[in-house]
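The following note sets out, in numbered points, what may be read from the structure shown below.

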Amino acid sequence: MSGAMRIAGKGRLVPARRVGFTFDGQAMQALCGDTLASALLANGVHLTGRSFKYHRPRGILSAGPEEPNALLDVSRGGNTHTPNVRAPVQEVFDGLVARSQNRWPSLTFDLGAINNFLSPLFPAGFYYKTFMWPKAAWTRFYEPVIRAAAGLGVAPKEPDPDRYANRYIHCDVLVIGAGLAGLLAAQAAAEAGADVILCDEQPAVGGALWHEIDTRIDGEEGFEWAQATAQALSGRDNVRVLTRTTAFSYQAQNMVALVERVSEHVAAPARDQPRERLWQVRAKQVIVATGAIERPMVFSGNDRPGVLLASAARTYLNHFGVAVGANVGVYTANDSAYAAAFDLADAGINILAIIDFRDEVNEGLRELAAQRGIDVLCGHCVTGTAGSLRISGMRARPRSGGPERKWKIDALITSSGWTPSVHLYSQSRGKVVWDAATQRFLPGPPVQDMVTIGACNGTDEAAALADEAMAAGKAAARLARAAHDGASSDTPSQSRPDLTVQTSRAGALLGAGSREVLKGGKAFVDFQNDVTAKDIELAVREGMRSIEHIKRFTTTGMATDQGKTSNLHGLAIAAEMLDRPIPEVGLTTFRHPYTPVSFGALVNHGRGPLFDPTRRTAMHLAHEQQGAEFEDVGQWKRPWYYPQAGEDMAAAVNRECRTVREVAGLFDASTLGKIEVVGPDAAKFLDLVYTNGWDKLSPGRCKYGIMLREDGFIFDDGVVGRIANDRFHVTTTTGGAPRVLHHMEDYLQTEYPDLRVWLTSTTDQWAVIAVQGPKARDIIAPFVEGIDISAEAMPHMSVREGQVCGVAARLFRVSFTGETGFEVNVPADYGKSVWDMLWTRARALGACCYGTETMHVLRAEKGYIIVGQDTDGTVTPGDAGLGWAVAKKKTDFVGIRGLKRPDLVADGRKQLVGLHSRDGRTVLEEGAQIVADPHQSVPMTMIGHVTSAYWSENCGGPIALALVENGRQRIGETLYVPMAEEVLAVEVTETVFFDRAGERING
Amino acid sequence: MLLIACPYCGEERPELEFRHAGEAHVARPDPIAEIDDAAFEAFFFLRDNPKGLIWERWRHVHGCGRFFNAVRDTVSDRFITTYKAGEVRREVVRDDEGGYQLKGEER
């Protein structure tokens, strides 16, 4: 046998198909098809872990995804592992390694269990009250200690080695849940010609039919009928059946996210098998048939290992052939526990008593119990249990009072009724409605194109459920097709299958029923977060009135199971304490995801190199060959510096800076944003989006332009060349290209739609090689055809079209270094070969390649700003010392009114200035704050900050740019930069550090 | 993820193709240079933040590139209608069943 508790001849698993797994190092046998929970139970193991807060021994409660207790760490034996895996969800495969969590040194002897005896010291909310003082001790002492003691599994430290897949899919009808209702609905929709997806979180369809063996459909046992029906549906072209697939998120416009566990149950997944697959389904119609979840009873000691949901015990018996115990007690307020008791009794398990909280139970059930010799004690309550690592006894007495009776048991199955799974309906933004008659929340009207059916809709009676499901399937198909074709056609109606259902789910109890029964022990409401009925009472006593507050104070329902088995009990206890009806106390929101979803499934392919697209320029390979270090600028990889043998970054940058000014340098400027602005009204349009005027710019000339937002702050800058009367070549900052184009399109399309202008992004079309330095002209001269590049014929700020290296080029005479400079624009496909040719000559002349770091230093030496570094969205052209670039005579441009705002014209604005470190050697830290008086008390009055700071090899010292209050009036003053180690004195200077006369640029 | 009907492309496309572009029907004053501070404040800073219907601009940035107007319910995120830039504001009313009706259009 695969486990002592396996009953021969029971269940649907094949006895010969065995697999081996380990639990806390102990080798165990299971059958193929077992879940970790059923396999452990088959081996007589109930104790699976220690609880979150009190470290109480806990066991398996359920047989489904609602499991709060049995969370295990699962691995395939390698380095990686998955914590907090729900034992009833994980299927066992050969070689599976399971470990219990939150115990030390071992599961059976856990030192943390002292918390259980200290529990009076930390009731709900104790963190808020106890650890208030001293403040610093919270982060240094209390929190680390509490975090180490509490908690569940341990997150893996290694990167996830698994692969995850992702699919988008559209369908007519998505049916969620493949129980009786879901299967019938899917069948009806498929018959009517709809494209159907049917998904179910279990490894096989059937839902409640897994345990309800007394349901017969068309003469077959329900479970068998379900498998055959799903088989037939899978065979159709218009149906996709997905098992092991959880619909976890219902979003707007019928977008539903599913996660399919593709290889979680496979011993040796094939190389091409992803671990999980995320399905993002857009359905025209959604049918939610998610069923209901059984609730446990609330009583003292209801959390001991061996206390299970009645339906779970029935599933373990009827599907897995496993007995949850040999001597079993039953505590219920619901009829369905009787069916469980009878199944167990019929399998030869000793049922000691059925304790029914209700005063009466229907005569038929009494009769069936009597036939099996089972005691039924109505109007009784369980007052306590015994046992430490496993339940060993229970006590019960009449609710009205009276003598207590005791039973020796090794398992106790309970049911307080069924909670409709309205999670997905609620996620779809529907509002649930309280049904007082049946004591449950049910879905209200749909707010999306969806419908709820079956047990999650509160439809209990089998024939009604079948009719509802088939009608829903047919209607959904009709509505979906109407959305397609604009027409609806009638389809032949199906006949309802012949149904016999014996299990009744009548009866419900919310909360403990009476506070009287809870004396003398912990009665748990939320098992995973260790919240007891008393904690909820305490929350109410402390003044919490809304369930939202009670939830946060006690943390009930806030664990990873989101209170699937506990929310309604918590609510009912609070309502009783507050003496208000349940709907007035309110129901908390059901959040996405329905069950925990791995980050891997959500992140999917989007990690590592695929996290974000990488953009490389046409010359990238050349930079690699020259040994460049790269820097990420937005999505671009840009050469940062080109170290030579033995050089560190500082040495390389200093050499590059010197070489450019002494000889020349080549720089890849391809990442600059480029927009072609074309049309008869192009100049007029640029007049509107730039602060300066463009009408008078002659073709062949360039101009530096500043773009503002309407509020008057600098948005972007760049050089614009006029190629022809109706054609401009606009450049933007590297990071700004998309937003500048968006901004321009916005004004063109919505404010000035009558202008005849067309905008085209050409960033990727042009490769740009900046050649800067005294020998720049020498370098390019042999390669240029059709352009006179002499200083006279082509002065600074001009643009010509011609050929470079035999390739059609736009040649700009521009400079971001203050040196004589050209920017060679060639079609991107030729970028690498043109670069190679220019570099061969440049190297022969003693020039270098330089990267972004040198570019930054050289431009700072000249006081040229970088938008986004020296400006931050609160800087005007005037603040940046660029007031000259704002046309005085224009009557309109974007930002013209913003610039007149009172704050923007007031005194005391921060202005861009240079800073000179008084010690002549310390490079300031970018972002460092600046103060006028270093001796003032803390917090000091900060009057500005450093925006750019570098070592300047060409100036022989550190240089910096800063935004400082009234900066231009302070030139010559000494200010201070307080740092952690010392206070640095700085002198305020002009922004230009090198070649103040600006003669080199015209060489 | 939302589905948005681009009035230029004439079909519903996933939200990923679009970019939100602020409130719709905020006219840029002309001549803007002359307006007083209060008018500038109203134009530039003040925006509606209603629970319910909102008129806003979207751009089919990864599609046709056009800006257009949309009426959306901020509670359900449902798009009631979309229409081209420059068209007059579409009036929408809630009907008794909690649905929406475009004014001037009978069901």
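1. A disulfide is counted here as a pair of cysteine sulfur atoms within 2.5 Å. By that criterion there are 0 disulfides over all chains. This is a predicted model, in which local features need pLDDT of at least 70 and side-chain atom pairs count only at pLDDT 80 or more, while totals for chains, interfaces and linings use all residues. Residues are numbered from 1 along each chain as its sequence is written, chains are lettered from A and ligands numbered from 1 in the order in which they are written, and side-chain values use heavy atoms, with hydrogens and water left out.

2. Cys6(B) is buried, at 1% relative accessibility; buried means under 20% relative accessible area, exposed over 50%, and partly exposed in between, with a 1.4 Å probe and protein chains only. In chain A, Cys702(A) is also buried, at 6% relative accessibility.

3. Aromatic pairs are taken between rings of Phe, Tyr and Trp (its six-membered ring) whose centres lie within 6.5 Å; planes under 30 degrees apart count as stacked, over 60 as edge-to-face and the rest as tilted. By this rule the count is 20 aromatic pairs over all chains. One of them joins Tyr690(A) and Trp694(A) in a tilted arrangement, with 5.1 Å centre to centre and 55° between the planes. Tyr690(A) is buried at a relative accessible area of 1%, and Trp694(A) is buried at 0%. Elsewhere in chain A, one aromatic cluster is formed by Trp210(A), Phe223(A), Tyr316(A) and Phe320(A).

4. A charge sits over a ring if NZ of Lys or CZ of Arg is within 6 Å of the ring centre and within 35 degrees of the ring normal. Arg76(A) places its charged end over the ring of Phe93(A), 4.5 Å from the centre. The charged end of Arg813(A) likewise sits over the ring of Phe822(A), 5.6 Å from its centre.

5. Helices (H or I, at least four residues) and strands (E, at least two) are DSSP runs, numbered from the N terminus. The expected span of a helix is 1.5 Å times one less than its number of residues. Helix H6 (residues 222–234) of chain A has 13 residues and should span 18 Å at 1.5 Å a residue; its end C-alpha atoms are 18 Å apart, which agrees. The buried residues of H6(A) are Gly222(A), Phe223(A), Trp225(A), Ala226(A), Thr229(A), Ala230(A) and Leu233(A). They cover an arc of only 155° around the axis and therefore lie on the same side of H6(A), the arc being that of the directions from the helix axis to the C-beta atoms.

6. Helix H14 (residues 567–578) of chain A has 12 residues and reaches 16 Å from its first C-alpha to its last, close to the 16 Å expected at 1.5 Å a residue. Of the 12 residues of H14(A), 11 are buried, so the helix is largely enclosed by the rest of the structure. Among them are His569(A), Ile573(A) and Met577(A).

7. Most residues other than glycine have a negative phi, and most peptide bonds are trans. The peptide bond from His592(A) to Pro593(A) is cis, with omega near -10°, and Pro593(A) lies in the loop between helix H15 (582–585) and helix H16 (599–603) of chain A. The bond from Asp30(B) to Pro31(B) is also cis, with omega near 0°; Pro31(B) belongs to the loop between strand S3 (19–23) and helix H1 (37–45) of chain B. His25(B), in the loop between S3 and H1 of chain B, has a positive phi near 60° and is partly exposed at 36% relative accessibility. Arg244(A) has a positive phi of about 50°.

8. Chain B comprises 1 helix and 8 strands, in the order β-β-β-α-β-β-β-β-β along the sequence. Buried residues make up 40% of its 107 residues.

9. UniProt, in an unreviewed entry, places "domain: GCVT N-terminal" at residues 619–890 of chain A; that span is 26% helix and 30% strand. The UniProt feature "domain: Aminomethyltransferase C-terminal" (unreviewed entry) covers residues 910–995 of chain A, where the chain is 0% helix and 50% strand. UniProt positions are given in the numbering used here, feature names are shortened, and annotations may be inferred rather than shown by experiment.
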